[in-house]
Amino acid sequence: MPAHLMDHTGGRLMVVYAHPDDEVFTAGGTIALASRQGVEVTLALATGGEEGEVVNPELRGVVSLTDLPAVRQEELACSQRTLGIKHLVKLGFRDSGMAGTISSRQPAAFSNQDRDEVTRRLVQVIRELRPHVIC
């Protein structure tokens with residue numbers, strides 16, 4: 001394909017996920033490709049990924065669940081650099097964890113937030129950054 005057809009300079013893409021690391025597992029290749037093609041990528045995250053588990057068996061016993069929030073932030077910084085994410089927006093909600101857990105019953109959990117408030121925060125970011133595509 002001719003190079004001029006692959007130049008998307010000036011394009012703006014916003015990807016929206018609940019937790020850090022979701023962007024890598026679901027759309028990492030697409031995000032990296034868009035960034036390399038000149039698209040300005042914004043990642044909007046509802047939560048900081050405070051809940052979860054250590055999936056890698058080599059890290060079990062090395063990384064505790066109390067370390068997980070810091071580990072997630074390090075992973076997020078690496079993801080931002082590697083995928084070429086220009087803007088990182090944190091909507092500021094707390095990770096809900098799995099349905100039915102103590103975490104999911106916390107008042108600050110994302111799953112317990114007022115939909116209008118969640119929508120308001122996201123719309124504010126959309127109006128500010130004016131993405132051409134949101135996924």
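Me: Which residues does valine 63 touch, not counting residues up to four places away in sequence?
Reply: Keep in mind that we're looking at a predicted model. Valine 63 sits in the loop between β2 (40-47) and α3 (68-83). Leaving out residues up to four places away in sequence, the ones valine 63 touches are Val54 and Val71.

Me: Is valine 63 buried or exposed?
Reply: Let's check the number against the cut-off: buried means under 20% relative accessible area. Valine 63 has 17% relative accessibility, so this residue counts as buried.

Me: What distance separates the C-alpha atoms of valine 63 and glutamate 53?
Reply: Along the chain, these two are ten residues apart.

Me: How many residues in the lining of the largest pocket are charged?
Reply: Sort the lining by class and you get eight nonpolar and six polar residues. The charged class has seven.

Me: What angle do α2 and α3 make where they pack?
Reply: On the α2 side, the contact uses Glu23, Val24, Gly28, Ile31, Ala32, Ser35 and Arg36, while α3 brings Leu76, Ser79, Thr82 and Leu83. By class, the residues of this contact are five nonpolar, four polar and two charged. The helix axes are 9 Å apart, and the angle is about 35 degrees.

Me: How are the rings of phenylalanine 93 and phenylalanine 110 arranged as a pair?
Reply: The structure holds one aromatic pair, and this is it. The ring centres are 5.4 Å apart. Planes under 30 degrees apart count as stacked and those over 60 as edge-to-face. Here the planes are at 45 degrees, so the pair is tilted.

Me: Why does the pair tie together parts that are apart in sequence, and by how many residues?
Reply: Phenylalanine 93 lies in strand β3 (residues 85-93), and phenylalanine 110 is in the loop between β3 and α4 (115-129). The pair therefore links parts whose separation in sequence is 17 residues.

Technical notes
Residues numbered from 1 in each chain as written. Predicted model: local features only at pLDDT ≥ 70, side-chain atom pairs only at ≥ 80, totals over all residues. Heavy atoms only, no water. Helix = DSSP H or I, 4+ residues; strand = E, 2+ residues; numbered from the N terminus. Buried < 20%, exposed > 50% of the residue type's maximum accessible area, 1.4 Å probe, protein only. Contact = heavy atoms within 4.5 Å. Nonpolar A, V, L, I, M, F, W, Y, C, P; charged D, E, K, R; others polar. Phe/Tyr/Trp six-rings, centres within 6.5 Å; stacked < 30°, edge-to-face > 60°. Axes fitted to C-alpha atoms, helices over the stretch in contact; angles between N-to-C directions.
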